[in-house]
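Dear colleague,

Please find below the structure that I am handing over to you. My notes on what was found in it follow.

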Amino acid sequence: MAYSATNRSISIIAPARGVTEALIRRLVETFYGRVLQDPDLGPIFKQALSHRWDEHLGIMVDFWSSIALRTGRYHGKPHVAHAAFDLTPDLFGRWLELFEATARDVCEPDVAAFFIDRAQRIAESLQIGLGIGPKALNLAPAGRS
Ligand code: HEM
């Protein structure tokens, strides 16, 4: 049977109220400013992005704008982008800790909760895709039993 969601309001996928492009820009700039100063995360970002930092910030504004405002501006592949680094659950934990603190500093509580929820879900999905963390699938490499 075809399933219609036409008359339903599903808050979990609705664009976040109270979010503006200016707020996203402030969140992104504040967060990555703190990331750069972090002893564990900073070096990873500096090494990967030292010559294209502003481009990265622009991509991240597009990314969050696509999520929060459904602007569709982000067309990248986050799983592929993270595969080049030796990321660990601890690094993801630190990333989330910094992101959550920044969202709470920069946004109203309900808006912060929205960004934090999305970041947690995406962090989990990235870790599953990278085969790390408690939910890693640990699939055997192709060709081996
Ligand atoms: C251990 C945690 C993380 C580290 C160290 C990390 C590091 C990086 C680095 C170095 C890049 C630049 C890749 C490149 O262009 O060469 C990047 C890109 C990106 N990251 Fe992360 N990241 C982390 C977690 C996350 C999380 C949790 C999210 C989402 C909530 C995220 C979203 C993105 C996106 C959207 C891009 C842009 C990918 C593209 O170019 O399309 N990252 N990250």
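How many helices and how many strands are there in the chain? There are six helices and zero strands, where helices (H or I, at least four residues) and strands (E, at least two) are DSSP runs numbered from the N terminus. Along the sequence the pattern reads α-α-α-α-α-α.

Two remarks on conventions come before the details. This is a predicted model, in which local features need pLDDT of at least 70 and side-chain atom pairs count only at pLDDT 80 or more, while totals for chains, interfaces and linings use all residues. Residues are numbered from 1 along each chain as its sequence is written.

Of the 145 residues in the chain, 14% are buried. A residue is buried if 20 or more other C-beta atoms lie within 10 Å of its own, exposed if 12 or fewer, and partly exposed in between, with C-beta atoms placed from the backbone. Among the contacts in the chain with a separation of 6 or more, 67% join residues 24 or more positions apart; two residues are in contact if their C-beta atoms, placed from the backbone, lie within 7 Å.

The ligand shell

The ligand is surrounded by 21 residues, and the closest are Gly-76, Ala-81, Leu-91, Trp-95 and Ile-122. Two or more shell residues come from each of helix H2 (41-49), helix H3 (53-68), helix H4 (78-82), helix H5 (89-106) and helix H6 (109-130). H2 gives the largest share, five residues. By class, the shell holds 18 nonpolar, three polar and no charged residues. In this scheme Ala, Val, Leu, Ile, Met, Phe, Trp, Tyr, Cys and Pro count as nonpolar, Asp, Glu, Lys and Arg as charged, and the others, Gly among them, as polar.

Helix packing

Two packed helices are described by the angle between their axes and the distance between the axes. The axes are lines fitted to C-alpha atoms, for helices over the stretch in contact, and angles run from 0 to 180 degrees between N-to-C directions. Angles under 35 degrees count as roughly parallel, over 145 as roughly antiparallel, 65 to 115 as roughly perpendicular and the rest as oblique.

For H5 and H6, the angle is about 165° and the axes are 9 Å apart, so H5 is roughly antiparallel to H6. Their crossing is right-handed; a crossing is left-handed if the near helix is turned anticlockwise from the far one by less than a right angle, and right-handed if clockwise. H5 contributes Pro-89, Phe-92, Trp-95, Leu-96, Phe-99, Glu-100, Ala-103 and Arg-104 to the contact, and H6 contributes Ala-112, Phe-115, Ile-116, Ala-119, Gln-120, Ala-123 and Gln-127. These residues comprise 11 nonpolar, two polar and two charged.

H1 and H5 cross at roughly 140°, and their axes come within 9 Å; the two helices are therefore oblique to each other. H1 passes H5 in a right-handed crossing. On the H1 side the contact is made by Arg-26, Leu-27, Thr-30, Phe-31, Arg-34 and Val-35, and on the H5 side by Leu-98, Phe-99, Thr-102, Ala-103 and Val-106. By class there are seven nonpolar, two polar and two charged residues.

Helix H1 (residues 21-37) and H2 have axes that come within 6 Å and cross at roughly 105°, and are therefore roughly perpendicular to each other. Here Val-35, Leu-36 and Gln-37 of H1 meet Leu-41, Gly-42, Phe-45 and Lys-46 of H2. This contact divides into four nonpolar, two polar and one charged residue.

Individual residues

Val-28 lies in helix H1 and is buried, because 22 other C-beta atoms lie within 10 Å. Not counting residues up to four places away in sequence, Val-28 touches Leu-57, Met-60, Val-61 and Trp-64.

Thr-88 belongs to the loop between H4 and H5 and is partly exposed, with 14 other C-beta atoms within 10 Å. Its C-alpha atom is separated by 8.2 Å from that of Gln-127, 39 residues apart along the chain.

Arg-70 sits in the loop between H3 and H4. Arg-70 counts as exposed, with 12 C-beta neighbours inside 10 Å. Its phi is near 55°, a positive value in a residue other than glycine.

Yours sincerely

Notes. A residue is near a molecule or strand if its C-beta atom, placed from the backbone, lies within 6 Å of it.
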